[in-house]
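Here's a quick briefing to read alongside the structure.

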Amino acid sequence: MSPLRTEEFTINMGPHHPSTHGVCRLILTMDGEKVLKVEPVIGYLHRSIEKICENRTYVQCVPLFDRFEYVTSMSCNMVFSLAVEKLAQIEVPERAEYLRVIMLELNRIASHLLFYGVTAMDIGALTPFLYGLRERELIVDLFEMTCGQRLTYNYIRPGGVSRDIPPEFIPKCREAVKIITEKMSDYEGLLNENPIWKVRNVGIGYLSAEDAIAWGVSGPVARASGVSYDIRKNDPYSIYDRFDFEIPVHHNGDCYDRYLQRLAEIKQSLRIVTQALDGLPEGEIQPKKKINAITFKPPAGEVYARVENSRGELGTYVVSDGTNKPLRVKMRGGSYNQLQALPIMIKDCLIADLVAIFASLDVIMPEVDR
Amino acid sequence: MTHDEIKSYIEKTFGDKLTLLDTGRCEPVFEVKLADWHDVARALRDDQTLQFDYLCNLGGTDTGERLEAHCQLASIKKSHRVDLKVVLDSGNPSLASVRDIWPAANWYEREMWELYGINIEGHDNLTRFLLPDDWDQGHPMRKNWDAPDFVRFPEFNA
């Protein structure tokens, strides 16, 4: 009898695969069930936002940033506003800074709750999705109450925020914080010690701290590999230096630690929101010298601003030539580097593990393709 | 290290390979000479005082008159940051790859090659990336790019 013929073969995963969180195509080289090589192919959602920004005034760029990374658009608004404020040396009123921090942290919690739900769903557990989305809804309602939008908020603008919070915001927000704090034990109880969850996640998709740094991986994925680096602490912006919070770090660098890392970050964000609500001062929400959406011209110069969002470092490089439109806007998202580093995490993994690894990176494709 | 310490240290260490372009409003920006780009990049990573081990961002800029490359570096260990800029040769824009220094540069360089038409020396995978596979309409991020009708932007005049 002739021996069984075995050979490597190439298959295509995506672009329309439900677990690729958007439209990402992965070209896999397989040996049976084992993945030998993975090559991400991107660009399916390329909308050329950077080019469109060059044809819009500074204030008109803010809604384009919403569409850059729609799950945490508050951070995207924030990073562009920071860049413009640095360029034009605009002083942001105290109340606006506090409102910004509240919104940024609520958005981070909402994003991590979405991660909690969809990652579990990718692995086959449907209940966490219902839990995560249920509490995310509370936060999305708060955003809707504030700026009228449930996604793509266009709330944080250069100089301040677009409008003040309604009076019922603060009690509702405190209630949401209380509910989410209580539900944390439910989330943990559902998955942390779940044997199926652990088998699917522990030790899968290992990324070392050195590789994380070299590949530009940031945010929760890097911190789950033991890289203790958070822009809120290491390169503080806005008023983050006033709050008392910790940067949780995990050291195993696998999918399970990335999951634990995000849950730990929700708890810290809840702490920040509570402190910001307590310290929220009265006052203006826009600078004294109002920014005209059409005629605003920052002086010529170039700046790179960055913030810590739920997917790592979110940065933007803005070049001004002194006119009312930017000469160049470059966007840098955390997902880009996370996806770029995917091929080094797949050592000895099966095709089902690849789905778990991809989910644990929490990649948002519009952020990668722009 | 503070901004001023970084400025004086880099100027002292690298001397004539770069010049400081400082507006005083933002982080220090250095213009690196095109020929020294790769050497300076490696030295910035390996220098024990600076340790720029993390590449934040790398991309191209078209100012309308010239092509530039911009690069933002950070140090995870030392928590400081620096901005770099390289002015490219307009006739034949080309830049040495820094993939061997920061593997993260891989996709950023592919993007520069595709959207700006900047040749990356030493990059072995310069293939279609963000644009469609059959794209033959030039480099869309160039200022003088003549947009085909299907992607023409409506003019906005203020």
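## Where the chains meet

In this predicted model, 18 residue pairs are in polar contact between chain A and chain B, both partners at pLDDT 80 or more.

**Make-up of the interface**
- Chain A puts 49 residues into the contact, and chain B puts in 45 residues.
- About 4100 Å² gets buried between chain A and chain B, with 56% of it on carbon and sulfur atoms.
- The chain A side that touches chain B splits into 21 nonpolar, 13 polar and 15 charged residues.

**Salt bridges**
- Between chain A and chain B, the count is 5 salt bridges.
- A:Glu302 and B:Lys85 form a salt bridge, with their closest N and O atoms 2.7 Å apart.

**Elements on the chain A side**
- Strands S6 (301-309), S7 (312-320) and S8 (328-332) of chain A are among the elements giving two or more residues to the side that touches chain B.
- Helices also do so, including H3 (73-88) and H12 (334-340) of chain A.

**A sheet in chain A**
- Three strands make an open, antiparallel sheet, ordered S1-S2-S3 (chain A).
- Strands S1 (9-13) and S3 (34-41) of chain A sit at the edges, each pairing on one side only.
- From one strand to the next, the twist averages 25°.
- Helix H13 (residues 351-361) of chain A packs on this sheet and touches S1, S2 and S3 of chain A, its direction making about 145° with that of S2(A).
- S1(A) and strand S2 (residues 25-31) of chain A run antiparallel, joined by 5 bridges.
- A:Thr10 stands opposite A:Thr29 in S2(A).

Technical notes
Residues numbered from 1 in each chain as written. Chains lettered and ligands numbered in written order. Predicted model: local features only at pLDDT ≥ 70, side-chain atom pairs only at ≥ 80, totals over all residues. Heavy atoms only, no water. Pairing = 2+ DSSP bridges. Helix = DSSP H or I, 4+ residues; strand = E, 2+ residues; numbered from the N terminus. Axes fitted to C-alpha atoms, helices over the stretch in contact; angles between N-to-C directions. Contact = heavy atoms within 4.5 Å. Buried area = accessible area lost by both parts, 1.4 Å probe. Salt bridge = Lys/Arg side-chain N within 4 Å of Asp/Glu carboxyl O. Polar contact = N/O pair within 3.5 Å; in protein donor to acceptor, adjacent residues only side chain to side chain. Nonpolar A, V, L, I, M, F, W, Y, C, P; charged D, E, K, R; others polar.
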